[in-house]
Amino acid sequence: MALSRRATIKDTRLLGLCATSFLLATGPIMVQAQESGAAEPVTATATAAADGQTEGQREAAEGARQLAAGEADEPIILNAPKPDARRVYVQDPAHFAAITQQFVIDGSTGQVLGMTDGGFLPQPVTAEDGSFFAQASTVFSRIARGTRTDYIEVFDPETFLPTADIELPKDARFLVGTYQWMNALTPDNKTFLFYQFSPAPSVGVVDLENQQFARMLDVPDCYHIFPASPTVFYMNCRDGSLARVDFSGEEPQVTNTEVFHTEEELLINHPAYSMRVGRLVWPTYTGKIFQMDLTAEAAKFREPIEALTEAERAEGWRPGGWQQTAYHRQSDRIFLLVDQRDEWRHKTASRFVVVLNAATGERLAKFEMGHEIDSINVSQDAEPLLYGLSSGTQTLHVYDAGSGEELRSVNQLGRGPQVLLTHDMES
Amino acid sequence: MNFPTKSRSVLAALMLAAFSGTGAFAADTITVPSEAAVPVAEVPADAIIVNIEKMKYDQPELKVKTGDTVYWINKEVMPHNVAFKKGVVGDEPFKGEMLKKDQAYSITFNEAGSYEYHCTPHPFMRATVIVE
Ligand SMILES: [Cu+2]
């Protein structure tokens with residue numbers, strides 16, 4: 001079996017990966033590998049690397065070549081390659097199952113690089129600079145009952161070994177369908193912030209540097225967490241304003257912005273937020289998009305834009321799905337999942353993505369995705385990939401974000417994958 | 001399933017109720033005359049009442065005397081309750097039964113103090129009983 005030369009021996013945890021990618025290969029591959037191996041063993045690797053070969057085919061050919069060359073099989077633990085802007089994390093809440101999984105994928109090749117286990121409705125986060133990823137998770141002493149433990153887990157991005165395990169106070173986590181921004185890292189990656197719904201709205205502060213829970217902050221009736229500095233974050237409040245929370249002092253200082261939307265304008269649970277530039281992109285059920293620029297000092301509101309034309313809205317076009325919004329920082333583009341649907345089917349999958357100039361609201365493209373897509377995100381490099389995730393088929397579809405052309409797909413991603421995270425590490 | 005969040009005073013009240021048929025138990029911060037919600041028709045005519053409607057308790061700050069019993073009446077179909085965070089009426093949090101429309105729930109306040117409460121599924125619904 002082919003193993004990467006950069007691999008190092010750690011423990012047995014990642015051994016299964018190699019077998020997994022090998023098994024994903026389909027029937028005829030072995031024949032092809034044997035043929036090329038038998039006919040031309042020296043050039044087998046080059047042949048396998050040619051376009052049109054699957055990863056399973058490439059590995060089969062490489063394995064055949066090694067066998068033919070008399071190389072011994074040395075089973076080892078692989079490391080994942082260093083994180084890059086095209087790495088994508090696929091979180092699978094598994095329809096509220098007691099345990100869950102996250103798949104870490106190279107968007108450039110569509111290869112699963114590794115996996116992490118989680119408990120009940122874990123909330124994943126990724127450091128923008130690629131230095132680590134983490135999750136807030138929940139386990140019970142008897143699978144789904146018994147003593148409950150909430151905790152934060154930090155992972156090394158190459159070995160995937162946990163580097164921190166920080167216990168949270170009793171029942172501190174908000175157990176809810178996974179919303180990307182219900183938890184967040186501060187921009188300096190030193191603090192993990194998580195939301196608590198009951199008995200009262202509050203935000204938990206976890207000190208990642210010293211690997212300990214710090215305190216709960218009392219906040220108004222507001223939801224989600226959008227950090228703008230190491231000690232300032234914003235939330236969206238029931239009254240229609242944003243709250244700015246400064247927790248540099250002993251008592252959190254809370255100030256509210258103006259009310260920026262009416263009670264009839266329903267903001268979805270999945271806004272896009274670029275922490276690198278502080279841009280918050282927040283669609284409503286109808287596709288009206290509010291944008292704010294968040295700094296440590298204040299929130300600046302932009303003129304709202306409409307993602308859908310008047311004609312489209314008249315024909316029943318509306319946003320819908322789970323993670324419906326993506327924002328590409330460098331090109332200042334907004335991506336939104338849309339389709340024709342009833343007003344109250346806002347969580348069903350969509351088959352189209354509209355692309356907008358965030359500055360002008362101008363429509364740049366409307367892609368037909370070719371699949372029932374529930375969640376989208378984009379890589380933050382200069383030639384971004386558009387990720388489209390189908391919970392129903394447990395498949396990640398990878399598109400060129402410029403043309404909308406589907407490049408590749410990754411299947412068998414758990415039971416009901418829903419959330420896509422990346423690293424914004426390309427300057 | 002309420003057991004993990006019941007305050008000791010309620011458990012005590014329940015036990016007393018089981019043995020003597022009365023919920024009175026004056027030694028605790030609060031006493032709950034009936035653990036279950038009761039029909040609004042059973043609320044005494046001269047009762048101190050907090051109505052719940054349109055996602056609000058109609059008296060954000062209610063002042064009563066030590067020993068007074070306060071009745072909460074839900075006037076709408078949206079279920080609501082009365083709950084205290086831990087440390088307010090005892091070491092453990094307290095969670096009252098959910099009230100459907102036209103149901104009532106009462107609590108007797110045995111000690112002076114300020115008692116902030118909220119609705120369990122609606123944490124933004126908050127109010128205070130001040131006992132003098
Ligand atoms: Cu309520």
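Is Glu306(A) buried, exposed or partly exposed?

Glu306(A) has a relative accessible area of 36%, so it is partly exposed. Here buried means under 20% relative accessible area, exposed over 50%, and partly exposed in between (1.4 Å probe, protein chains only). Glu306(A) also forms a salt bridge with Arg313(A), with the closest N and O atoms 3.3 Å apart. A salt bridge is a side-chain nitrogen of Lys or Arg within 4 Å of a carboxyl oxygen of Asp or Glu. Arg313(A) is partly exposed too, at 29% relative accessibility.

Before you go on: this is a predicted model, where local features need pLDDT of at least 70, side-chain atom pairs count only at pLDDT 80 or more, and totals for chains, interfaces and linings use all residues. Residues are numbered from 1 along each chain as its sequence is written, chains are lettered from A and ligands numbered from 1 in the order in which they are written, and side-chain values use heavy atoms, with hydrogens and water left out.

**Exercise 1. Get an overview of chain A.**

Step 1: look at the secondary structure. Chain A has five helices and 30 strands. Helices (H or I, at least four residues) and strands (E, at least two) are DSSP runs, numbered from the N terminus.

Step 2: look at burial. Chain A has 427 residues, and 55% of them count as buried.

Step 3: look at contacts, meaning heavy atoms within 4.5 Å. Of the contacts in chain A with a separation of 6 or more, 50% are between residues 24 or more positions apart.

**Exercise 2. Describe the copper site.**

Step 1: name the donors. The copper ion is coordinated by His80(B) (ND1), Cys119(B) (SG) and His122(B) (ND1), at 1.9 to 2.1 Å. Donors are N, O and S atoms within 2.8 Å of the metal (3.2 Å for Na, K and Ca); water is not among the atoms, so sites may look incomplete.

Step 2: read the spacing. Along the chain, the donors follow H-x38-C-x2-H. His80(B), in the loop between strand 6 (69–74) and strand 7 (83–84) of chain B, and Cys119(B), in strand 10 (residues 113–119) of chain B, link distant parts of the chain, 39 residues apart.

Step 3: check burial. His80(B) is buried at 0% relative accessibility, and Cys119(B) is buried with a relative accessible area of 0%.

**Exercise 3. Sum up how chain A meets chain B.**

Step 1: count residues. Ten residues from chain A and seven residues from chain B take part in the contact.

Step 2: look at the area. About 680 Å² is buried between chain A and chain B, with carbon and sulfur atoms giving 58%. Buried area is the accessible area (1.4 Å probe) that two parts lose on being put together, summed over both.

Step 3: find the charged pair. Chain A and chain B share one salt bridge. Arg126(B) and Asp221(A) form a salt bridge through their side chains (3.4 Å, N to O). Arg126(B) lies in strand 11 (residues 122–131) of chain B and Asp221(A) in the loop between strand 11 and strand 12 (222–229) of chain A, so this pair joins two chains.

**Exercise 4. Examine the backbone at two spots.**

Step 1: take the peptide bond from Ser198(A) to Pro199(A). This bond is cis, with omega near 10 degrees.

Step 2: take Ile143(A). Its phi is near 60 degrees, a positive value in a residue other than glycine. Most residues other than glycine have a negative phi, and most peptide bonds are trans.

Step 3: check exposure. Ile143(A) is exposed, with a relative accessible area of 69%.
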